[in-house]
Amino acid sequence: MNKTVNHKAWFFVLPVLALVAFNAIVPLMTVVNYSVQESFGNNVFFWSGLTWFEEMLRSPRFHASLGRQLTFTFTILAIEIPLGVIIALAMPKKGIWVSVCLVLMAMPLLIPWNVVGAMWNIFALPEIGLLGKTLNSMGFDYNYTRQPGDAWFTLILMDVWHWTSLVVLLSYAGLVSIPDAYYQAAKIDGASSWAIFRYIQLPKMKRVLTIAVLLRFMDSFNIYTEPSVLTGGGPGNSTTLLSLDLVKIALGQFDLGPAAAMSLIYFLVILLFSWIFYTLMTRNEEQ
Amino acid sequence: MTLELKHVGKTLDGDVHIHPTDLVLEPGRFNILLGTTLAGKTTLMQLMAGLEKPTSGEIWFNGRNVTGERVQKRNVSMVYQQFINYPNMSVFENIASPLRVARMAEADIRKRVEEMAGLMKISAMLDRRPSELSGGQQQRTAMARALVKDSDLILLDEPLANLDFKLREELRDEMPRIIAERNCVVVYATTEPSEALLLGGHTAALYEGRVVDYGPTSEIYCQPADLTSAKVFSEPPINIAGVRKSGDQIVLNENVSWPASSALADGEYTIGIRPHHVSPVRTHESDVGITGTVHVAELSGSESMIHFDAYGDSWVSLSHGVHPFDTGEETTLFVDVSNCFYFDPAGRLVSSSDSAGVN
Amino acid sequence: MARITLSDLKHSYMPNPTNDADWALKQLDVEWDDGGAYALLGPSGCGKTTLLNIISGLLIPSHGRVLFDDSDVTALAPEERKIAQVFQFPVVYDTMTVYDNLAFPLRNRGVTEDLVDVRVREVAEMTDLTAMLKNRASGLTADGKQKISLGRGLVRTDVNAILFDEPLTVIDPHLKFQLRLKLKELHHRVNNTMIYVTHDQTEALTFADKVVVMNVGEVVQIGTPEELFEVPHHTFVGHFIGSPGMNVLPCDIDNGAAHFAGQRVETANDADGVNGRKTEIGVRPEYVTFSDQGLDAQVIRVSDTGRFNVVETQCGGNRVNLLVGEGAEIPSETTKIAFNPERTRIYADGWLMGREASS
């Protein structure tokens with residue numbers, strides 16, 4: 001209610017629209033353009049309709065990398081979201097330790113992505129890396145460059161290390177905004193710690209958690225730099241996620257058409273999942 | 001200097017927020033907007049300030065059409081219910097801020113701010129930050145900032161609502177003095193009838209986006225134009241009951257009736273009786289006794305508020321002294337029918353205490 | 001339900017309080033009967049919230065004991081004390097329905113669903129929530145949410161006391177009246193011990209059988225609303241209760257009698273043992289009248305509150321308020337006023353002289 005109708009406001013949005021158009025819409029249209037044509041080099045293009053899309057959707061290679069991508073994303077979401085919430089719950093709410101914890105938590109987020117990949121690459125080396133050497137000396141046969149399982153383990157561990165902090169910080173912001181009266185009322189009502197979490201903390205964190213899930217989903221679905229530096233998609237194709245595969249097709253094989261079609265499918269998958277997450281998590285808000 | 005609303009209305013997405021309104025607001029007195037929450041007081045103020053554009057009608061200031069003119073171009077100040085100050089500025093800088101915008105000379109600023117602070121009784125706090133002040137002092141700072149520049153229009157939107165009871169009393173008492181010497185139009189929104197009465201001036205009674213009554217405050221109180229206006233201007237709520245006038249009698253029911261004035265035509269009426277005209281003790285010869293069951297008696301030490309049900313209606317009596325009653329007790333309370341409003345079936349006032357001449 | 005005893009209670013938020021100002025709550029001894037309605041009344045920062053938190057168990061006092069009936073609960077946590085509390089801002093479990101909210105305290109205590117259902121429906125009926133039981137609690141208005149908070153306390157059968165911390169703060173002004181009435185009515189019905197904290201004298205006086213008036217960490221008077229109004233033990237009580245508050249006027253003591261504005265003033269108490277302390281006389285505006293003989297006074301201002309007029313006069317260099325009934329004659333500027341000797345009292349350093357004898 002009391003909304004102001006002011007058409008001048010549109011005028012101020014114009015520069016942003018122009019910027020977005022230049023940044024996103026124009027390149028996207030280029031991709032769309034490529035996806036419906038065939039090229040044999042020398043800038044000669046033929047109309048190919050939806051062939052590339054059909055081919056891509058039937059391609060076992062695409063299915064495999066999409067499957068790996070989904071496995072990766074849902075695994076890290078299943079670990080990072082609960083872990084982030086648990087850490088946030090355990091963090092102090094008052095006193096000097098608050099800033100100490102916040103700084104510690106923010107640290108991994110400040111490191112450039114390729115450095116994260118390089119760090120873990122060395123850290124996990126079986127012969128000299130701290131992690132790899134330790135695991136091997138404990139009797140585990142660990143070698144991420146050779147064994148697909150170990151590569152996955154390292155990849156997921158790296159992502160959890162890198163990104164759980166984001167979930168922690170968001171959850172923490174949600175937690176500290178809950179007025180004391182809620183905790184007092186719950187105590188008086190005889191609520192258990194679980195009930196307090198289930199009926200007060202979780203509902204009050206829902207908005208920030210929605211944002212956390214969306215951000216982590218989109219980011220992890222687009223992840224490229226770190227796995228590229230860490231495993232380069234190997235051993236074999238075992239950690240070739242969608243983005244790595246896309247780059248291989250587009251730049252490695254220079255198959256612009258299929259790559260463009262794949263990009264668009266990729267984009268639509270992200271859009272679809274984001275929409276599903278958002279709808280599910282905000283479903284009960286109204287009413 | 002006058003502010004004139006000519007048929008000003010506001011409709012948004014098909015919802016009527018303000019029905020077309022005509023008002024002429026004069027300087028040198030309080031122009032009070034009285035109504036419950038969501039009655040449209042804030043919207044009306046925003047229209048006056050130019051923060052909102054009316055969907056119909058025109059706003060004239062000093063004989064000039066200012067409809068659609070930007071707020072920044074008009075000389076308007078506003079004080080809100082929440083204490084809004086710049087948190088990182090001292091009280092002095094807070095009050096001085098409008099003068100700095102106007103690029104006034106430093107010496108003049110100092111003089112004006114100190115004068116204003118003296119009037120608002122916050123001279124000792126000029127070096128402090130707003131967060132170091134009590135709620136009352138924060139609101140005094142906000143008011144000083146609104147008053148320090150010579151605004152043409154000052155809008156006060158329930159400025160006392162968030163203050164402690166006693167602070168509210170104190171500021172309400174000082175406000176007419178502070179306003180008196182200014183040559184500007186002052187608009188004051190409140191939900192409390194007693195506040196409107198104490199501030200005086202003119203009152204516009206608002207109900208669901210409509211100005212139902214407008215005039216000098218005490219006149220509106222004594223002669224409400226209709227039933228809605230009487231309801232808006234009564235705290236605790238005015239007692240309402242249906243009566244029939246036939247011959248020389250006003251009949252409430254077979255047991256209760258009283259002599260009617262000849263000025264009233266025969267027929268059905270709705271009566272409105274303010275709670276303080278219903279008393280547990282007989283105060284006038286002409287008082288009429290009504291018998292009912294006490295719902296709850298609230299005793300405040302100096303006054304008694306008795307809620308009771310009689311003949312299917314809920315009644316409230318507010319009287320001086322301590323009159324204890326038990327819940328569920330049968331009792332007779334006395335209605336001063338000489339202070340009774342008569343409304344016709346359409347809700348318009350047809351007769352009140354003064355013109356009815358019942359006693 | 002229980003009798004509540006606060007014995008030798010003191011609290012400071014500092015580890016080593018040295019001077020008087022370090023105590024948030026000074027010496028306090030009170031006993032509250034089972035099933036009574038009590039109020040803690042005072043301005044912001046008077047220590048009333050500290051006291052409430054000590055009773056609820058959120059705060060452990062630095063000194064003294066809290067007893068429920070005869071058991072010492074001083075060290076017990078809130079959940080072990082069997083109390084319920086309604087907070088300033090409504091606390092509801094957003095994801096639950098109204099029904100589940102009301103059932104929550106019972107389910108937490110392992111009550112069978114059959115019994116839960118009976119109790120929930122009973123309490124919903126009392127609090128007018130029956131029609132909304134299936135709605136989600138987050139969709140209710142502020143007053144509805146406060147009713148849920150209250151209902152969660154009422155639903156339990158083991159509650160020793162229900163505490164209210166300024167429960168009407170966020171309620172729309174025109175609904176405050178109704179919710180206040182509902183609380184009063186519920187107290188009659190359930191006969192729980194209820195303790196109500198507020199800065200609003202109307203809420204405190206109408207709700208409570210006994211009111212504890214506090215100022216700067218100190219209890220200044222405990223009494224029925226009538227006692228607080230008629231015999232204030234401290235000028236603070238006289239000022240804080242009543243609107244406008246008691247007139248407090250500096251006086252000289254000569255031969256055991258008070259002299260104000262050059263004249264002897266008859267008072268209800270005498271001034272024995274003043275011993276050079278600052279002396280004042282206190283008289284409520286209700287007990288000041290215009291008179292043929294008395295003190296010379298000038299009428300400064302008349303404010304009409306609808307029910308009566310507040311007349312401000314200047315007398316002996318001080319401001320003296322009078323309350324004059326509706327329609328009564330108000331003399332022109334120069335006049336004489338008289339104080340009712342039965343209701344005029346001498347205070348020394350703020351405290352009523354001969355307090356023990358008169359109360």
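Two residues are in contact if their C-beta atoms, placed from the backbone, lie within 7 Å. The model is predicted: local features need pLDDT of at least 70 and side-chain atom pairs count only at pLDDT 80 or more, while totals for chains, interfaces and linings use all residues. Residues are numbered from 1 along each chain as its sequence is written, and chains are lettered from A and ligands numbered from 1 in the order in which they are written.

**Exercise 1.** Describe the side of chain C that touches chain A.

Solution. Step one: 20 residues of chain C are in contact with 16 residues of chain A. Step two: α2 (78-81), β6 (83-86) and α3 (98-108) of chain C each give two or more residues to this side. Helices (H or I, at least four residues) and strands (E, at least two) are DSSP runs, numbered from the N terminus. Step three: by class, the chain C side has 11 nonpolar, 4 polar and 5 charged residues. Here Ala, Val, Leu, Ile, Met, Phe, Trp, Tyr, Cys and Pro count as nonpolar, Asp, Glu, Lys and Arg as charged, and the others, Gly among them, as polar.

**Exercise 2.** State which strands stand at the edges of the open sheet of 4 strands in chain B, and why one side of each has no neighbour.

Solution. Step one: the strand order is β2-β1-β4-β5 (chain B), with antiparallel pairing; two strands pair if DSSP finds at least two bridges between them. Step two: β2 (15-25) and β5 (64-65) of chain B are the edge strands, and each has a single partner strand, so one side of each is left without a neighbour in the sheet. Step three: β1 (residues 3-12) of chain B pairs with β2(B) over 7 bridges in the antiparallel sense. B:Thr11 stands opposite B:Val16 in β2(B).

**Exercise 3.** Characterise chain C as a whole.

Solution. Step one: chain C has 10 helices and 21 strands. Step two: its C-alpha atoms fill a box of roughly 75 × 50 × 30 Å, taken along the principal axes. Step three: of the contacts in chain C with a separation of 6 or more, 65% are between residues 24 or more positions apart.
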